Amino acid sequence: MRTTLILIILCMVGATPIPTIPTAHQTETVVLLHGLIRKPGSMKKMQLALEAEGYRVLNIGYPSRKHDIETLSAMVRARIAEKTVNDEEVHFVTHSMGGILVRTFQSKQPLPNIGRVVMLSPPNQGSEVVDRLGKLRGFHWVNGPAGTQLGTGPKEYLAQLGPVPFECGVITGDRSINWINSLMIEGPDDGKVSTERAKVDGMQDYKVLHATHPMIMKKAETIREVLAFLKHGRFRSDT
């Protein structure tokens with residue numbers, strides 16, 4: 001009889017559902033923003049890596065060639081506000097001009113729940129390529145109104161944004177597959193932006209990888225650094 005009671009109790013315990021332990025990132029969302037002339041698919045590898053870590057990921061697209069930076073920024077911010085709630089922390093991983101959109105809406109109409117931001121190859125201080133080619137009709141046709149706003153001068157759009165008011169890490173590259181562009185850029189560059197002009201006042205950490213502008217978001221090393229910054233607010237130590 002005693003043995004029967006023990007078996008019944010064990011069966012009841014075994015039938016009880018085991019409570020689900022929430023993951024560390026269950027209330028954290030990561031927004032991915034691609035760069036100029038790119039699509040959300042360019043951030044797919046990053047998306048899969050973040051989802052594997054338990055983050056909720058929003059891989060947002062926007063018509064980068066059709067509007068100026070402020071218009072694109074307002075469009076993106078509205079989409080983020082529709083898809084998030086105030087009690088979740090919203091991080092960002094951006095490529096190229098995607099980081100400029102975050103800087104813009106945080107200076108105009110800040111998201112109250114912004115978390116950490118990792119910018120990949122951002123033209124934070126502009127690009128000399130735009131200085132040299134930005135007024136050409138062909139450049140405007142390819143890159144749109146926003147592309148012509150990425151110059152380096154003190155009166156250019158980027159110079160008016162000021163320091164970043166959020167936790168920010170910048171990763172940029174020093175490998176170029178566009179030697180024509182690189183001839184216009186001073187110092188090491190990734191084919192579009194110099195390593196120095198990727199920096200922004202107020203950033204918490206900065207790292208240069210051996211990567212090109214169009215492919216930096218796909219590198220396994222980049223993804224490891226992104227995960228480290230989202231978790232700890234700093235990149236991995238080189239040692």
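**Helix crossing, salt bridges and a covered strand**

Let me start with two helices. Helix 3 and helix 4 are roughly perpendicular to each other. Roughly perpendicular means an angle of 65 to 115 degrees; under 35 counts as roughly parallel, over 145 as roughly antiparallel, and the rest as oblique. Helices here are DSSP runs of H or I with at least four residues, strands are runs of E with at least two, and both are numbered from the N terminus.

Before going on, some ground rules. This is a predicted model, where local features need pLDDT of at least 70, side-chain atom pairs count only at pLDDT 80 or more, and totals for chains, interfaces and linings use all residues. Residues are numbered from 1 along each chain as its sequence is written, and side-chain values use heavy atoms, with hydrogens and water left out.

Back to the helices. Helix 3 covers residues 69-83 and helix 4 covers residues 97-108. Their axes come within 9 Å and cross at roughly 80°. Axes are lines fitted to C-alpha atoms, for helices over the stretch in contact, and angles run from 0 to 180 degrees between N-to-C directions. Who meets whom? From helix 3, the contact residues include Leu 72, Val 76 and Ile 80; from helix 4, they include Ile 100, Leu 101 and Phe 105. Contact means heavy atoms within 4.5 Å. By class, this contact has eight nonpolar, two polar and three charged residues. Nonpolar is Ala, Val, Leu, Ile, Met, Phe, Trp, Tyr, Cys and Pro; charged is Asp, Glu, Lys and Arg; the others, Gly among them, are polar.

Next, salt bridges. The rule is a side-chain nitrogen of Lys or Arg within 4 Å of a carboxyl oxygen of Asp or Glu. By that rule, the count is eight. One of them joins Glu 167 and Arg 116, N to O at 3.1 Å. Glu 167 sits in strand 5 and Arg 116 in strand 4, 51 residues apart, and the pair links distant parts of the chain. Glu 167 is partly exposed at 33% relative accessibility. Arg 116 is buried at 18%. Buried means under 20% relative accessible area, exposed means over 50%, and partly exposed lies in between, using a 1.4 Å probe and protein chains only.

Another salt bridge pairs Arg 197 with Glu 128, closest N and O atoms 3.0 Å apart. Arg 197 is in the loop between helix 7 and strand 6; Glu 128 is in helix 5, 69 residues away. Arg 197 is partly exposed at 23%, whereas Glu 128 is buried at 11%. Glu 196 and Lys 199 also meet in a salt bridge, at 3.0 Å. Glu 196 is partly exposed, at 47%. Lys 199 is partly exposed too, at 25%. There is also a network: Lys 207, Glu 225 and Arg 236 are joined by salt bridges that share partners.

Now strand 1, residues 28-33. Is strand 1 enclosed or open? Six of its six residues are buried, so strand 1 is largely enclosed by the rest of the structure. Glu 28, Val 30 and Leu 32 cover one side; Thr 29, Val 31 and Leu 33 lie on the other. Strand 1 runs parallel to strand 3, with six bridges, and Glu 28 has Glu 89 as bridge partner there. Strand 1 also runs parallel to strand 2, with five bridges, and there Leu 33 partners Ile 60.

Last, the whole protein. It has eight helices and six strands. Buried residues make up 48% of its 239 residues.

Conventions
Pairing = 2+ DSSP bridges.
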